Amino acid sequence: MTGIDHAGQLERLRQAAPVRVSRCLDACEQANIVVVQPSAAGRAKGAHPVWLGLVNDAAATDDIAAWVRAGGPGLADPPAVLELYSIRPPRRPAAGSSREVMS
């Protein structure tokens, strides 16, 4: 997406947690997507990854980073504004099923 400081966004997120970058998570129309993984302690409390889409502004990135620093999924409540960014993870095809790929 143009007009977005991707390098700045990554740096703010990297200050809060390890970050992996992917080209597409099968929901490209909702880029930038951030998937916040729970820590081991969060997983022990039953937390699951949280998918956030259309994260294209510094304020949302900063809200995500602050939430992760506070403990993230399972350990800290996310800022209420992040509910606006919540998306469903795309469904993955079952193992062995065919899938049409468009380029």
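A disulfide here is a pair of cysteine sulfur atoms within 2.5 Å. In general, a disulfide is a covalent bond between the sulfur atoms of two cysteines. The model is predicted: local features need pLDDT of at least 70, side-chain atom pairs count only at pLDDT 80 or more, and totals for chains, interfaces and linings use all residues. Numbering runs from 1 along each chain as its sequence is written, and side-chain values use heavy atoms, with hydrogens and water left out.

Searching the whole structure turns up one disulfide. Cys24 and Cys28 form it, with sulfur atoms 1.9 Å apart.

Next comes the largest pocket. A pocket is an open set of points on a 1 Å grid over the protein atoms alone, where a 1.4 Å probe fits, with protein on both sides within 12 Å along at least five of seven lines. Its volume is about 900 Å³, the space filled by probe spheres set on the points, which are joined across faces, edges and corners. Lining residues have an atom within 4 Å of a point. There are 25 of them, and Val19, Arg20, Ile33, Val34 and Val35 are the closest to the centre. Helices (H or I, at least four residues) and strands (E, at least two) are DSSP runs, numbered from the N terminus. The largest share, four residues, comes from α1. By class, the lining has 18 nonpolar, five polar and two charged residues. Ala, Val, Leu, Ile, Met, Phe, Trp, Tyr, Cys and Pro count as nonpolar, Asp, Glu, Lys and Arg as charged, and the others, Gly among them, as polar.

Val35 sits in strand β1. Its relative accessible area is 25%, so Val35 is partly exposed. Beyond neighbours within four places in sequence, Val35 contacts Leu25, Pro49, Val50 and Trp51 (contact means heavy atoms within 4.5 Å). The C-alpha atoms of Val35 and Leu52 are 6.2 Å apart, although 17 residues separate the two along the chain.

Asn32 lies in the loop between α1 and β1. Is Asn32 buried or exposed? Asn32 is buried, because its relative accessible area is 14%. Its side chain makes a polar contact of 2.8 Å with that of Gln9. Such a contact is a pair of N or O atoms within 3.5 Å; within protein, one must be able to donate a hydrogen and the other to accept it, and residues adjacent in sequence count only if both atoms are side-chain atoms. Not counting residues up to four places away in sequence, Asn32 touches several others, including Ile4, His6, Leu52 and Val55.

Definitions and conventions: Buried < 20%, exposed > 50% of the residue type's maximum accessible area, 1.4 Å probe, protein only.
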